[in-house]
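Here are a few worked exercises to go through with the model open beside you. Have a go at each task before reading its solution.

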Amino acid sequence: MKRAWRLIEQVLSVVGFAWLCWFIYDSRDTIFEGVATTSAFDLAALIGLILVSWFAMGLQNVVLLKSQNVNLGAGESLLVHASSSLLNYVPTRLGTMFRFRYLLQVHGLSYDRNLGLIALRFGLLLAISAVMATIGIVGLGLVDGVKDAALTLGLFAVAGIVVLLFLWRVAPSQGEGLLWRLWNGFVAAIHEGRQRKDRLAILAVLIVVQLALGAIRMDIAFDIVGTPVDLPLLLVVSPVVVVLGLFSFASLGVREAIIGGLVAATGHNFAAGVIAASAERAALLLLCLTLGVVGTAVMSLRMRAVARAEDESAS
């Protein structure tokens with residue numbers, strides 16, 4: 001099953017990248033026209049908003065890790081996220097694995113507790129995304145009478161609520177083995193989150209900030225391609241973009257096609273949605289290739305320093 005999933009990831013990555021390259025070539029006149037009319041302010045604002053979004057996501061990790069007595073600074077967390085974003089362009093999710101190893105080797109956070117924290121954040125993110133998308137759906141229905149998008153994202157909202165209810169009722173297992181260890185780490189993170197509702201509230205606020213910044217980013221991206229869209233659509237697109245970013249199959253081309261289809265379902269131009277998503281992706285890649293490289297280098301040096309210190313103490 002794992003091999004089949006990896007094969008699907010790789011096929012989707014290759015097909016998505018090839019399709020996006022063809023689409024960009026086929027739409028080159030429109031894209032070049034949009035690039036020529038893009039102001040330096042819009043580009044700087046888009047990159048700046050992505051950086052602030054990353055900082056908000058880094059603070060989410062700071063809040064979560066404090067529950068495990070891991071003192072990860074905001075700047076360090078930003079570099080860790082930037083490195084993960086860069087390395088996750090590899091279909092095998094190299095960035096996530098590198099992050100797991102770094103937190104284990106440098107900060108002593110075990111894989112099972114790390115996975116539990118990620119699951120807690122994912123459940124909260126999905127629930128809040130469902131609420132925001134539902135608000136957007138209502139707005140779209142009032143403005144455009146959209147049905148297909150309402151049906152699709154209505155299911156998405158229901159899924160978010162179901163996940164949240166599930167997270168609230170999970171219980172540990174007495175089973176043995178790696179799978180049950182991971183499960184119990186996940187359950188422990190959920191219970192800790194319920195006991196520290198103040199931290200959970202801070203995490204929820206940071207997620208809302210992340211989603212709001214995502215909507216503003218997409219607004220700028222649509223303005224860059226000369227196709228302004230209404231706020232309700234952005235409230236739908238932003239959660240979808242954020243949630244898709246958690247999955248490796250939403251690589252180059254795949255995410256853009258999904259966003260284009262979502263935009264088309266609301267009566268807008270499919271090509272405009274793909275080009276806007278590509279513009280936002282270009283700014284994202286620029287940060288990955290700069291801050292992400294710096295983050296990867298810093299993390300690698302710290303891991304080597306810890307390993308060297310351990311070898312010296314052992315000898």
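**Exercise 1: Asn61**

Asn61 is found in helix H3 (residues 40-66), a helix being a DSSP run of H or I of at least four residues, numbered from the N terminus. A note on the ground rules: this is a predicted model, where local features need pLDDT of at least 70, side-chain atom pairs count only at pLDDT 80 or more, and totals for chains, interfaces and linings use all residues. Residues are numbered from 1 along each chain as its sequence is written, and side-chain values use heavy atoms, with hydrogens and water left out.

Task: work out whether Asn61 is buried or exposed, and which residues it touches beyond four places in sequence.

Solution. Start with the cut-offs: buried means under 20% relative accessible area, exposed over 50%, partly exposed in between (1.4 Å probe, protein chains only). Asn61 has 13% relative accessibility, so it counts as buried. Next, look for contacts (heavy atoms within 4.5 Å): leaving out residues up to four places away, Asn61 touches Ser77 and Arg99. Asn61 and Ser77 are 16 residues apart in sequence, with their C-alphas 6.9 Å apart.

**Exercise 2: Arg99**

Task: find which side chain of opposite charge is nearest to Arg99.

Solution. First place the residue: Arg99 lies in helix H5 (residues 94-107). Then sort the charges: Lys and Arg are positive, Asp and Glu negative, while His and the chain ends are not counted.

**Exercise 3: the aromatic pair**

Task: describe how Phe100 and Tyr111 are arranged as an aromatic pair.

Solution. Take the rule: rings of Phe, Tyr and Trp (its six-membered ring) pair if their centres lie within 6.5 Å; planes under 30 degrees apart count as stacked, over 60 as edge-to-face and the rest as tilted. That gives one aromatic pair. Phe100 and Tyr111 sit 5.7 Å centre to centre with 50° between the planes, a tilted pair. Now locate the partners: Phe100 is in helix H5 and Tyr111 in helix H6 (residues 111-144), 11 residues apart. Finally, compare the cover: Phe100 is buried because its relative accessibility is 9%, while Tyr111, at 39%, counts as partly exposed.

Technical notes: Helix = DSSP H or I, 4+ residues; strand = E, 2+ residues; numbered from the N terminus. Salt bridge = Lys/Arg side-chain N within 4 Å of Asp/Glu carboxyl O.
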